[in-house]
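Try each task before you read its solution.

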Amino acid sequence: MFDKVLIANRGEIALRIQRACRELGVKTVAVHSTADKNAMHVRLADESVCIGPPSPALSYLNMPSLIAAAEITGADAIHPGYGFLSENARFADICAEHQISFIGPTAEHIRLMGDKIMAKETVKALGIPVVPGSEGALSHIDEALKIAAEIGYPVIIKAAAGGGGRGMKVANSEEELPNAFATARAESKAAFGDDAMYIEYYLATPRHIEVQVLGDGRGKAIHLGERDCSLQRRHQKVLEEAPSPALNDAQRAEIGEIVSRAIGKLNYQGAGTI
């Protein structure tokens, strides 16, 4: 158990973490920009540290300031919440270098799951069924055309570093694929600084089911049920419903078992979503 946790976030996210820490008897340190100095998460924390000006890039994303705040206050762990630095492998590495626990996945797993191509290859090897598509990154449109001919249309081009619905384009035919590939690649380069792409068969009316998992980093994992995120706009979730109305008890148990077993094999640590 930690004695003191620095919460590298703000607002409702920070408040939820504070509540959990309080229930566990753990002291909290709030960080804030100059604009958030009177925010509720700052007032309710045991200690607070100003880490920079209003811009998130100069405050909540400022790694040196966060590490300094943790060292000054004697925090033995940092909880990033979600967003900001929660999926930043470099930040997890820096915390380890300063003997500060990063409450979340290991840097190795953040890197692995942050690359959609590597993540797909990994979960496939762990026994999780995946949609047919390319085995790795595509370097040229000719590769995409060849794979699309094998798996059939429609297909979707996706950015390896993508997220938030960006770097994704659907092609319903061979004629549409070159433009979709070029557009998605350019969008990915602009948004993520990485134009590595892959291709999958496009499921036009799927059920988007996510399973919440918890791993202990030692080969054991559990699932906490699923949520249905099928209602989307431009590949962005609009509503999440739990439990999913599309699954029966047998399907729910089967999916949960497959996912838990795979996460355990990966030695995943912390909370995650499949």
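## Exercise 1: two helices

Helices α5 and α6 are roughly perpendicular to each other, because their angle falls in the range of 65 to 115 degrees. Keep in mind that this is a predicted model.

**Task.** Work out which angle and axis distance describe the packing of α5 and α6, and which residues make the contact.

**Solution.** 
1. Helix α5 covers residues 107–114 and helix α6 covers residues 116–125.
2. The two pack at an angle of about 100°, and their axes are 5 Å apart.
3. On the α5 side, the contact uses L112, M113 and G114; α6 brings in K116, M118, A119 and T122.
4. Sort the residues of this contact and you get four nonpolar, two polar and one charged.

## Exercise 2: aromatic pairs

**Task.** Find how many aromatic pairs there are, and say whether Y60 and F84 are stacked or edge-to-face.

**Solution.** 
1. The count is two aromatic pairs.
2. For Y60 and F84, the centres are 5.3 Å apart with 15° between the planes. Planes under 30 degrees apart count as stacked, so this pair is stacked.
3. Y60 sits in the loop between β3 and α3, and F84 in the loop between β4 and α4, so the pair ties together parts 24 residues apart in sequence.
4. Y60 is buried at 1% relative accessibility, while F84 is partly exposed at 29%.
5. Next come F91 and F102: with centres 6.0 Å apart and planes at 80°, their rings are edge-to-face.
6. F91 belongs to helix α4 and F102 to strand β5, so this pair ties together parts 11 residues apart in sequence.
7. F91 is buried at 0% relative accessible area, and F102 is buried at 10%.

Notes. Residues are numbered from 1 along each chain as its sequence is written. This is a predicted model: local features need pLDDT of at least 70, side-chain atom pairs count only at pLDDT 80 or more; totals for chains, interfaces and linings use all residues. Side-chain values use heavy atoms; hydrogens and water are left out. Axes are lines fitted to C-alpha atoms, for helices over the stretch in contact, and angles run from 0 to 180 degrees between N-to-C directions. Helices (H or I, at least four residues) and strands (E, at least two) are DSSP runs, numbered from the N terminus. Angles under 35 degrees count as roughly parallel, over 145 as roughly antiparallel, 65 to 115 as roughly perpendicular and the rest as oblique. Contact means heavy atoms within 4.5 Å. Ala, Val, Leu, Ile, Met, Phe, Trp, Tyr, Cys and Pro count as nonpolar, Asp, Glu, Lys and Arg as charged, and the others, Gly among them, as polar. Rings of Phe, Tyr and Trp (its six-membered ring) pair if their centres lie within 6.5 Å; planes under 30 degrees apart count as stacked, over 60 as edge-to-face and the rest as tilted. Buried means under 20% relative accessible area, exposed over 50%, partly exposed in between (1.4 Å probe, protein chains only).
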